[in-house]
Amino acid sequence: MLIPALILVPSSLFWILKTLSENSTKLNFMLPYMRFFYPFRINNPYGLFAVMTKTRPEVVLQGSNDGLNWEDYEFQFKPGSLKKAPPVCAPHQPRMDWQMWFAALENFNENMWLQNLATRVFEQSPDVMTLFSKDPFKGTSPRFLRFERYEYRFSDFKDLRQNGQWWERVHSGSYGPVFGRDDGNGEPA
């Protein structure tokens with residue numbers, strides 16, 4: 001019992017302390033010990049979120065009829081409108097909203113399922129359209145769709161109190177190509 005404790009206690013403490021002070025170099029003396037035991041997979045930072053992101057990147061789906069003026073589709077549970085309070089959805093698991101957040105952590109080519117999402121929005125698929133809390137085109141298909149990337153963060157208390165604004169967002173670029181609706185003869189509408 002003593003030998004397993006001599007192995008597990010220091011490595012467990014390492015992960016706990018490393019989680020609490022991630023950028024600290026004070027635990028570097030433990031790295032040879034951790035590297036020695038790593039191949040045995042005896043200990044690691046278990047957990048669904050062993051590493052958390054420090055920013056809130058979001059992919060926003062937008063539609064347009066003229067290619068100039070874009071409107072956001074809003075999901076039910078992910079940040080969208082700057083005045084939308086973060087909802088409590090437990091124990092429900094909003095799969096699409098969750099996948100959109102993970103997509104924002106990668107690039108478009110790693111998330112080709114977004115092309116299917118765009119197709120279903122063009123088709124006005126009832127199963128897909130119910131995933132949105134706001135359809136800016138009110139049941140009609142826009143001519144164009146695109147995905148844009150934004151960095152969200154909570155607004156300060158002053159903005160929340162004065163304007164009802166929960167979020168601030170900064171546009172960080174295009175996430176993928178612009179999709180055009182097919183008018184039925186193979187040409188974009």
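**Stop 1: a strand residue**

Select S64, which is found in strand β1, residues 56-64. Strands (E, at least two residues) and helices (H or I, at least four) are DSSP runs, numbered from the N terminus. This is a predicted model, in which local features need pLDDT of at least 70 and side-chain atom pairs count only at pLDDT 80 or more, while totals for chains, interfaces and linings use all residues. Residues are numbered from 1 along each chain as its sequence is written, and side-chain values use heavy atoms, with hydrogens and water left out.

Is S64 buried or exposed? S64 has a relative accessible area of 0% and is therefore buried (buried means under 20% relative accessible area, exposed over 50%, partly exposed in between, with a 1.4 Å probe and protein chains only).

Now show what surrounds S64. Leaving aside neighbours within four places in sequence, S64 is in contact with N69, W70, F137, P142, R143 and F144, where contact means heavy atoms within 4.5 Å. At N69, pick the backbone oxygen: a polar atom of the S64 side chain lies 2.8 Å from it.

**Stop 2: a helix pair**

Select helix α3 (residues 95-104) and helix α4 (residues 113-123), whose axes come within 12 Å and cross at roughly 130°. The axes are lines fitted to C-alpha atoms, for helices over the stretch in contact, and angles run from 0 to 180 degrees between N-to-C directions. The two helices α3 and α4 are therefore oblique to each other; angles under 35 degrees count as roughly parallel, over 145 as roughly antiparallel, 65 to 115 as roughly perpendicular and the rest as oblique.

Which residues make the contact? Show M96, Q99, M100 and A103 on α3, then W113, L114 and L117 on α4. By class, this contact of α3 with α4 has 6 nonpolar residues, 1 polar and no charged (Ala, Val, Leu, Ile, Met, Phe, Trp, Tyr, Cys and Pro count as nonpolar, Asp, Glu, Lys and Arg as charged, and the others, Gly among them, as polar).

**Stop 3: backbone details in loops**

Go to P91, in the loop between β3 (74-75) and α3. The peptide bond from A90 to P91 is cis, with omega near 5°.

Next select Q124, in the loop between α4 and α5 (126-129). Phi of Q124 is near 60°, a positive value in a residue other than glycine. Q124 counts as buried, at 18% relative accessibility.

Finish at K138, in the loop between β4 (132-134) and β5 (144-154). Its phi is near 45°, again positive in a residue other than glycine. K138 is exposed, with a relative accessible area of 72%.

Terms used: A polar contact is a pair of N or O atoms within 3.5 Å; within protein, one must be able to donate a hydrogen and the other to accept it, and residues adjacent in sequence count only if both atoms are side-chain atoms.
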